Amino acid sequence: MAHVLINCGIFVGFCAGTMVLLRPVLLRLFTAQQRVILWYLCVGWYYGLSNVRIAGQFRLFLPFLQLPVHLYDLITTQTWRDSLYIYEFNRRIGPYYVDLTQVPYLDAVYFTVVLAICAWLIYRSVQTWKIRSLGTILPKDDPCIKHSGTNIEHINKIYVVENLPTSFVDGFSNIFLQKTYSGQQMYQIFLHEAEHINLHHAAVKCVFSIMLVVYWWNPLLWLAFRYMVRDLELACDSAVLAKLRPEDRTSYAKTLVELGYGRQLWTQPLCFGECDAQLRVKAVLKWKPQSRRLQIGRFALMALVIWFFLG
């Protein structure tokens with residue numbers, strides 16, 4: 001089984017590496033939320049959790065809608081041609097890159113590491129759950145919440161905790177806010193954390209978390225995860241700025257400096273914590289609304305990138 005996962009992980013690593021190589025271009029062409037969608041479709045769900053050979057089947061159904069070259073062909077033409085299949089009896093997984101079937105104790109070592117990572121994540125999750133007992137629940141009819149202009153339908157509970165290093169959202173749609181003496185700061189950090197829920201970022205991070213556990217040995221996936229988390233935070237910042245008045249956007253940047261600390265929260269897999277404060281502040285100061293024409297153009301280019309990845 002480890003032999004199969006390693007070969008699949010090599011393929012997914014190629015996809016993640018391609019996204020990393022294209023990142024300078026993607027930063028110029030797309031918004032942060034559009035890049036999040038690209039991470040999810042082009043690396044996470046489609047290649048990370050689905051059958052890696054499905055991409056090559058698109059041309060069978062839509063032969064007239066083919067680009068001159070696809071990522072699938074670039075990766076597989078030289079490496080998979082004339083190779084044997086991992087599963088000879090049904091060929092669901094596809095041909096392999098390296099033959100590791102004779103490596104002794106490979107399955108034992110591989111899944112021992114997987115279990116160790118899972119145990120660590122469970123332990124950290126328990127530590128996060130303990131924070132609930134330290135905080136007070138902020139009712140959803142609180143004026144700060146009611147007049148925020150954000151959708152609170154999918155939010156479970158809102159906890160306000162003293163001495164919390166950074167505000168975050170867990171995988172159960174609970175928001176944990178740092179207790180501050182500024183009502184404006186509380187309002188702004190609530191808007192940011194609520195956007196993680198409204199933008200369904202938990203699904204994106206869930207897929208990547210599973211990939212990191214299963215393909216723990218692939219450094220390209222860890223690098224991709226780092227960039228993906230950065231885009232998640234930038235996407236929420238952009239959504240908050242669209243709701244704030246122009247005069248409040250500078251104060252939002254100040255809030256990031258005072259409360260973000262540039263920390264990355266490594267707790268349970270679906271937690272979102274503040275990170276890359278300096279980069280986010282620069283993005284906030286440069287932010288401006290995009291026109292409808294620009295939005296349409298970006299979505300068209302986005303479809304082209306997805307087309308390139310999925311074949």
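At roughly what angle do the axes of helix α1 and helix α10 cross? In this predicted model, local features need pLDDT of at least 70 and side-chain atom pairs count only at pLDDT 80 or more, while totals for chains, interfaces and linings use all residues. Residues are numbered from 1 along each chain as its sequence is written, and side-chain values use heavy atoms, with hydrogens and water left out.

Two packed helices are described by the angle between their axes and the distance between the axes. Helices are DSSP runs (H or I, at least four residues) numbered from the N terminus. Axes are lines fitted to C-alpha atoms over the stretch in contact, and angles run from 0 to 180 degrees between N-to-C directions. The axes of α1 (residues 2-21) and α10 (residues 219-243) cross at roughly 45 degrees and come within 8 Å. That makes α1 oblique to α10; angles under 35 degrees count as roughly parallel, over 145 as roughly antiparallel, 65 to 115 as roughly perpendicular and the rest as oblique. In the contact (heavy atoms within 4.5 Å), Val12, Gly13, Ala16, Gly17 and Val20 of α1 meet Leu220, Leu221, Leu223, Ala224 and Tyr227 of α10. These residues comprise 8 nonpolar, 2 polar and no charged. Here Ala, Val, Leu, Ile, Met, Phe, Trp, Tyr, Cys and Pro count as nonpolar, Asp, Glu, Lys and Arg as charged, and the others, Gly among them, as polar.

Helix α1 also packs against helix α6 (residues 106-130), with axes that come within 9 Å and cross at roughly 60 degrees. In this contact, Ala2, His3, Leu5 and Ile6 of α1 meet Leu106, Asp107, Tyr110 and Phe111 of α6. The residues divide into 6 nonpolar, 1 polar and 1 charged.

A further partner of α10 is helix α9 (residues 201-214); the two axes come within 11 Å and cross at roughly 170 degrees. The pair is therefore roughly antiparallel. Residues of α9 in the contact include Phe208 and Met211, and those of α10 include Phe225 and Leu232. The contact of α9 with α10 has 13 nonpolar residues, 1 polar and 1 charged.

Helix α10 also contributes to the largest pocket, giving 8 residues, the largest share of its lining. The lining comprises 33 residues, of which Phe30, Thr31, Ala32, Ser238 and Trp287 lie nearest the centre of the pocket. By class, 17 lining residues are nonpolar, 6 polar and 10 charged. A pocket is an open set of points on a 1 Å grid over the protein atoms alone, where a 1.4 Å probe fits, with protein on both sides within 12 Å along at least five of seven lines; lining residues have an atom within 4 Å of a point.

Conventions:
Helices (H or I, at least four residues) and strands (E, at least two) are DSSP runs, numbered from the N terminus.
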